[in-house]
Amino acid sequence: MKELTKAEEEVMQQLWKLKEANVAAMIEEMPEPKPAYNTVSTIVRILESKGFVGYKKVGRGHDYFPLVEKDSYSKFSMTKLMNNYFDGSMKSMLSFFVKKNDLSTTELEEILKEINKKQ
């Protein structure tokens, strides 16, 4: 899987949220200042060439939809982060986030419950 740029990821976030949309609908959901139509249209075509986005013709335009699930890309991104910054150690990565985010005992217990559900 290819890594997305920040701009590409922002567009994908909108598509994952909307499930299917044209460029105008994606822009409508974006925060201010909204990007130009041509900018988003270009990014969508790049995402299509990378295999992240598909489309169907609707009248004279296109409706776009994600071909890569958000969970799949999240897993890819987190694995890359873990490998690049924590020598592939999940323990080191989790320890880092616990320390840096000053998690409460309650939050840690909730995380442990989630981990135990998986086992």
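K80 and E3 meet through their side chains in a salt bridge, 2.5 Å from N to O. By salt bridge I mean a side-chain nitrogen of Lys or Arg within 4 Å of a carboxyl oxygen of Asp or Glu. This is a predicted model, so local features need pLDDT of at least 70, side-chain atom pairs count only at pLDDT 80 or more, and totals for chains, interfaces and linings use all residues. Residues are numbered from 1 along each chain as its sequence is written, and side-chain values use heavy atoms, with hydrogens and water left out.

Back to the pair. K80 sits in helix α4 and E3 in the segment before α1, so this bridge links distant parts of the chain, 77 residues apart. Helices here are DSSP runs of H or I with at least four residues, strands are runs of E with at least two, and both are numbered from the N terminus. K80 is partly exposed at 31% relative accessible area. E3 is partly exposed too, at 45%. The cut-offs: buried is under 20% relative accessible area, exposed is over 50%, partly exposed is in between, with a 1.4 Å probe and protein chains only.

How many salt bridges are there by this rule? Five. Two others deserve a slide. E20 bridges to K56, with the closest N and O atoms 3.1 Å apart. That pair also links distant parts of the chain: E20 is in the loop between α1 and α2 (23-29), K56 in strand β1 (residues 53-58), 36 residues apart. E20 is partly exposed at 34%, and K56 is partly exposed at 41%.

Then E114 with K117, closest N and O atoms 3.3 Å apart. They are three residues apart in helix α6 (residues 105-118), so about one helical turn separates them. E114 is partly exposed at 44%. K117 is exposed, at 63%.

Next, the rings. Seven aromatic pairs turn up in a search of the whole structure. The rule: rings of Phe, Tyr and Trp (its six-membered ring) pair if their centres lie within 6.5 Å; planes under 30 degrees apart are stacked, over 60 edge-to-face, the rest tilted. Y55 and Y64 form a tilted pair, 6.2 Å centre to centre, 55° between the planes. Y55 is partly exposed at 40%, whereas Y64 is buried at 9%.

F86 and F97 are tilted as well: centres 6.4 Å apart, planes at 50°. F86 lies in the loop between α4 (70-85) and α5 (90-101), and F97 in helix α5, so the pair ties together parts 11 residues apart in sequence. F86 is buried at 14%. F97 is partly exposed at 30%. Ring pairs also link W16, F52, Y73 and F76 into a cluster.

Now helix packing. How do the axes of α1 and α3 cross? The axes of α1 (residues 6-18) and α3 (residues 37-49) come within 10 Å and cross at roughly 90°. Axes are lines fitted to C-alpha atoms, for helices over the stretch in contact, and angles run from 0 to 180 degrees between N-to-C directions. The two helices are therefore roughly perpendicular, a term for angles of 65 to 115 degrees. A7, E8, V11 and M12 of α1 make the contact with V40, I43, V44, I46 and L47 of α3. Contact means heavy atoms within 4.5 Å. These residues divide into eight nonpolar, no polar and one charged. Nonpolar covers Ala, Val, Leu, Ile, Met, Phe, Trp, Tyr, Cys and Pro; charged covers Asp, Glu, Lys and Arg; the others, Gly among them, are polar.

Last, Q14, also in helix α1. Q14 is buried, at 10% relative accessibility. Leaving aside neighbours within four places in sequence, Q14 contacts M26, E29 and M30.

Technical notes
Angles under 35 degrees count as roughly parallel, over 145 as roughly antiparallel, 65 to 115 as roughly perpendicular and the rest as oblique.
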